[in-house]
Amino acid sequence: MADIRDREYMSRALQLAQQALYSTDPNPRVGCVLVRDDEVVGEGWHQRAGEAHAERHALAQAGARANGATCYVTLEPCSHTGRTGPCAQALIDAGVARVVAAMQDPNPQVAGQGLARLREAGIETEVGLLEDAAKALNPGFVRRMADGLPFVRVKLAMSVDGRTAMASGESQWITGPEAREDVQRLRARSSAVVTGIGTVLTDEPALTVRPHSWQFSAYGPGPVRQPLRVVMDRQLRTPADAAVVRGEGDCLVLGGVETGAQALRDAGAEVMIGQWTPRAVLAELARRGCNEVLVEAGAGLAGAFLVAGCVDELVVYMAPVLLGSEARPLLVLPGIERMAQRQHLNLREMRAIGADLRLSFTLKPR
């Protein structure tokens with residue numbers, strides 16, 4: 001049974017994991033604290049994919065003091081050898097006496113095997129302490145391992161009267177600079193950003209993560225990890241010199257015809273031809289190891305993802321302006337004709353961002 005000290009140490013491990021919010025993709029964000037005789041002797045977090053896991057950073061800091069210690073870790077220690085060795089074995093070799101994991105690893109390659117390996121070595125194990133908080137740190141990793149799909153956020157900006165652009169398509173800028181900078185954080189934590197050809201042609205977005213005064217890495221300056229930029233473009237109308245193609249990082253254009261594909265490939269974009277429904281797009285992104293996907297698109301494509309049942313979270317930035325009844329709506333949601341058909345939302349968070357409000361919703365089942 002966990003006591004108050006266990007919760008304090010696990011809370012610290014979760015704080016450490018939070019520092020990897022923008023850097024570990026496609027791996028999960030994990031923190032670890034080693035405690036011996038009620039003293040923290042080592043701590044660490046997984047910093048980048050391919051580098052040492054959280055447990056190994058903590059063990060390196062603790063050295064010989066890890067012998068007989070309790071390990072608090074936000075995710076079950078791995079038992080398989082990937083780009084790094086199994087952390088479960090490293091804890092065994094260090095002589096750790098007890099391991100408290102916030103949650104079992106949903107990865108089928110681990111899925112309880114790490115904890116079993118520790119128990120076979122005579123180490124006391126517990127799992128489930130602050131589990132909800134640990135899952136909230138890695139919604140995309142958990143979703144992809146459990147369901148084979150990434151976690152999807154749809155980002156929208158609107159006026160108080162629920163409009164996203166003028167009738168002409170003009171939309172820059174509804175919200176203020178603070179809200180636009182906040183969107184950079186959503187992009188930075190995402191594996192991929194999805195948009196539609198309408199947005200590309202009207203707004204000419206780059207969809208890249210731009211350098212800011214705040215750090216995307218908690219452990220020092222370094223290159224910003226750019227999300228994969230994905231354009232849904234059935235007729236391949238994306239210009240080869242579009243900012244979304246030319247920007248730093250990779251661009252994937254999903255089309256339905258080959259005409260125009262070679263020009264985009266020559267410009268550096270990857271082009272895939274197929275029947276690209278929202279669910280088909282997400283299945284392809286999951287295959288590529290994408291955990292969290294951000295949809296930044298117009299009312300039509302954003303609505304299509306919602307209608308397809310592919311949205312986990314709506315993030316709406318509401319500006320204190322009115323655009324009028326002729327302006328474009330927030331979402332295109334055909335088929336809702338009666339109050340009984342309306343889509344209910346759960347308001348998870350409301351926060352002021354400069355002069356605007358950021359509203360985060362999850363969707364209630366109909």
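Biologist: Which strands does helix α11 (residues 278–287) lie across, and what angle does it make with β9?

Modeller: Helix α11 lies across β6, β8 (192–196), β9 (228–232), β10 (251–255), β11 and β12, and it runs at about 155 degrees to β9. Helix α12 (residues 299–307) packs on the sheet as well, touching β6, β8, β9, β12, β13 and β16 (356–363), and its direction makes about 115 degrees with that of β8. Angles run from 0 to 180 degrees between N-to-C directions, with axes fitted to C-alpha atoms, for helices over the stretch in contact. Contact means heavy atoms within 4.5 Å.

Biologist: What kind of model is this?

Modeller: This is a predicted model, in which local features need pLDDT of at least 70 and side-chain atom pairs count only at pLDDT 80 or more, while totals for chains, interfaces and linings use all residues. Residues are numbered from 1 along each chain as its sequence is written, and side-chain values use heavy atoms, with hydrogens and water left out.

Biologist: What makes the sheet open, and which strands are at its edges?

Modeller: The edge strands are β11 (270–273) and β15 (345–353), each of which pairs on one side only. The order of the 9 strands is β11-β10-β9-β8-β12-β6-β13-β16-β15, they form an open sheet, and the pairing is mixed. Neighbouring strands are turned by 20 degrees against each other on average, direction ignored. Strands are DSSP runs of E with at least two residues and helices are runs of H or I with at least four, both numbered from the N terminus.

Biologist: How do you know that β6 pairs with β12 (residues 292–296), and in which sense, parallel or antiparallel?

Modeller: Two strands pair if DSSP finds at least two bridges between them. β6 and β12 have 5 bridges, so by that definition they pair, and the sense is parallel. Leu156 stands opposite Val316 in β13, and Ala157 stands opposite Tyr317.

Biologist: Why is strand β6 (residues 151–159) called largely enclosed?

Modeller: Buried means under 20% relative accessible area, exposed over 50%, and partly exposed in between, with a 1.4 Å probe and protein chains only. In β6, 8 of the 9 residues are buried, so the strand is largely enclosed by the rest of the structure.

Biologist: What makes β9 mostly covered?

Modeller: In β9, 5 of its 5 residues are buried. Leu228, Val230 and Met232 point one way from the strand, Arg229 and Val231 point the other way, and all are buried. β8 is joined to β9 by 5 bridges in a parallel run, with Val194 opposite Val230. β9 is joined to β10 by 4 bridges, also parallel, and the partner of Val231 there is Val253.

Biologist: Why is Val311 called buried, and where does it lie?

Modeller: Val311 lies in the loop between α12 and β13. Its relative accessible area is 9%, so it counts as buried. Val311 is 157 residues from Val154 in sequence, yet their C-alpha atoms are 6.8 Å apart. Leaving aside neighbours within four places in sequence, Val311 is in contact with Val152, Val154, Phe305, Leu306 and Leu363.

Biologist: Is Arg328 buried, partly exposed or exposed, and what value decides which?

Modeller: Arg328 has a relative accessible area of 38%, so it is partly exposed. This residue is in strand β14 (residues 328–329). Outside the four places on either side in sequence, its contacts include Gly162, Arg163 and Thr164.

Biologist: How do you know that the span of α1 (residues 4–18) is close to the expected one?

Modeller: The expected span is 1.5 Å times one less than the number of residues. α1 has 15 residues and reaches 21 Å from first C-alpha to last, close to the 21 Å expected.

Biologist: Which residues of α1 are buried?

Modeller: They are Asp6, Tyr9, Met10, Ala13, Leu14, Leu16 and Ala17. They cover an arc of only 155 degrees around the axis, which puts them on the same side of α1. The arc is that of the directions from the helix axis to the C-beta atoms. The buried residues pack against β1 (31–36), β2 (39–45), β3 (70–73), β4 (98–101) and α5 (131–137).
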